[in-house]
Amino acid sequence: MKKASIITYGCQMNVNESAKIKKMFQNMGYEITDNIEESDVTFLNTCTVREGAATQIYGKLGELKHIKENKGMIIGVTGCFAQEQGIELVKKFPQIDIVMGNQNIGRIPQAIDDIEHGVDKHLVFTDCEDDLPPRLDADFESKKTASISITYGCNNFCAYCIVPYVRGRERSVPMEEILHDVRQYVAKGYKEIILLGQNVNSYGKEFTNGDNFARLLEEICKVEGDFIVRFVSPHPRDFTDEVIDVIAKNEKIARSLHLPLQAGSSTILKAMNRGYTKEQYIALANKIKERIPGVALTADIIVGFPGETEEDFQDTLDVVREIQFDNSFMFMYSIRKGTRAATMENQIDEAVKKDRLQRLIDVQTACSLAESKTYVGKTVRVLVEGESKKNKEVLSGRTSTNKIVLFKGDKALEGTFVNVKINDCKTWTLYGDIVE
């Protein structure tokens, strides 16, 4: 049996698309392997959100070149970096056989066949950016979690982001197709459904039938079965009262909401083209907390955006302290060629960015520990993920608020919900015992 490897970089959208690529290879009769040394085909599913991603991809292509020279191999590259580079990628790395844009992965079986039979030496597909990609079956590595893309592309054009240029304008998937996927995944036993999109809560804006994100969530919650729904990522500007109300009344929707902040300064938010102010973001976060008791909020935060002053940075720290995020994904700004921010004046010195990032991490760590302490003594419902990676003697799972919980139990509980009484905590982790 021939063997195939899929190496994934970047976001959950790429993870979802790699699951589809994996299923295609299985349907073609390939065995999936993590050992690229024994692979007949290797696909890199790439990211280009951060400038440093190219270095990692180039290094892997060099490694694959040596394997191809020694034993032969078909090399394919897909994802955002492939979409951005196109034919230039083949010119730089002639060992590549196939370049597939984000929307063209459905062509992989035919492309493999054409390469194997010598129809073409190189194949490059990066077209059809205005169309929805075909709906494809997927094989997820997790036994408990399935993901569904509900939108593709983005219309926001944030000053630091390359995504609209490589994934195209925003397109929404018809609701019935999404509901079909939810039903089939729940029927297969998946307990967690993650809805994906660059801006999920603008879902349906181009529709004329009234379908929107609030209605989609409502319809998903009507699907029979014991499962939980998560979604990433919403945009604060598009987080409507209707969506908040749907979440509040449906226990199937996770009580963990990712609400990207990016910066706490209204001046920097305007420069980023985020479409909201510091005050509007705080008001939204407080509204969500009031209407959805017990909700945990997380955020993305960038420090050192061009022109950010110490006062601007203090505004970010103020928002983190006021909102008390359960966790944040924190980054130093890095130049991404092709974006508006790359050509802005007043780029921030690396040492200043590193200092600000560490100070932000310190504040967020204190907030996260304070939030974890609120769970001690409480009983929470946990979706069991399996054995802990660090300690095989205990199980690991997550609450609806996405907190990691460690507890003793039979590994046969993987993929089920259990009640756990929390006895202790650390900054990011809760510890407890299963109770009836």
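Arg381 stands opposite Asn419 in strand 18. Strands here are DSSP runs of E with at least two residues, while helices are runs of H or I with at least four, both numbered from the N terminus. Strand 15 (residues 379–387) and strand 18 (residues 417–425) pair in the antiparallel sense over five bridges; two strands count as paired if DSSP finds at least two bridges between them.

Strand 18 also pairs with strand 19 (residues 429–435), antiparallel and over six bridges. In this pair, Ile422 is opposite Gly432. The hairpin that joins strand 18 to strand 19 has three residues.

## Basis of the model

The model is predicted: local features need pLDDT of at least 70 and side-chain atom pairs pLDDT 80 or more, while totals for chains, interfaces and linings use all residues. Residues are numbered from 1 along each chain as its sequence is written, and side-chain values use heavy atoms, with hydrogens and water left out.

Six strands form an open sheet with parallel pairing, in the order 2-1-3-4-5-6. Strand 2 (31–32) and strand 6 (123–125) are at the edges with a single partner strand each, so one side of each has no neighbour in the sheet. Strand 1 (residues 3–8) and strand 3 (residues 41–46) pair over five bridges, and Thr8 has Asn45 in strand 3 as its bridge partner.

## Helices across the sheet

Helix 1 lies across strand 1, strand 2, strand 3 and strand 4 (74–79), at about 175° to strand 1. Angles run from 0 to 180 degrees between N-to-C directions, with axes fitted to C-alpha atoms, for helices over the stretch in contact; contact means heavy atoms within 4.5 Å. Helix 5 (residues 108–116) lies across strand 3, strand 4, strand 5 (98–100) and strand 6, at about 165° to strand 5.

The buried residues of helix 1 include Met13, Ala19, Ile21, Met24 and Phe25. Buried means under 20% relative accessible area, exposed over 50%, and partly exposed in between (1.4 Å probe, protein chains only). Gly29 follows helix 1 and has a positive phi, near 95°.

## The whole chain

The protein chain has 13 helices and 19 strands. Its radius of gyration is 22 Å, close to the 22 Å that the globule rule gives for 436 residues, so the chain is as compact as a globular protein of that length. The radius is taken over C-alpha atoms, and the rule is 2.2 Å times the number of residues to the power 0.38. Of the 436 residues, 54% count as buried.
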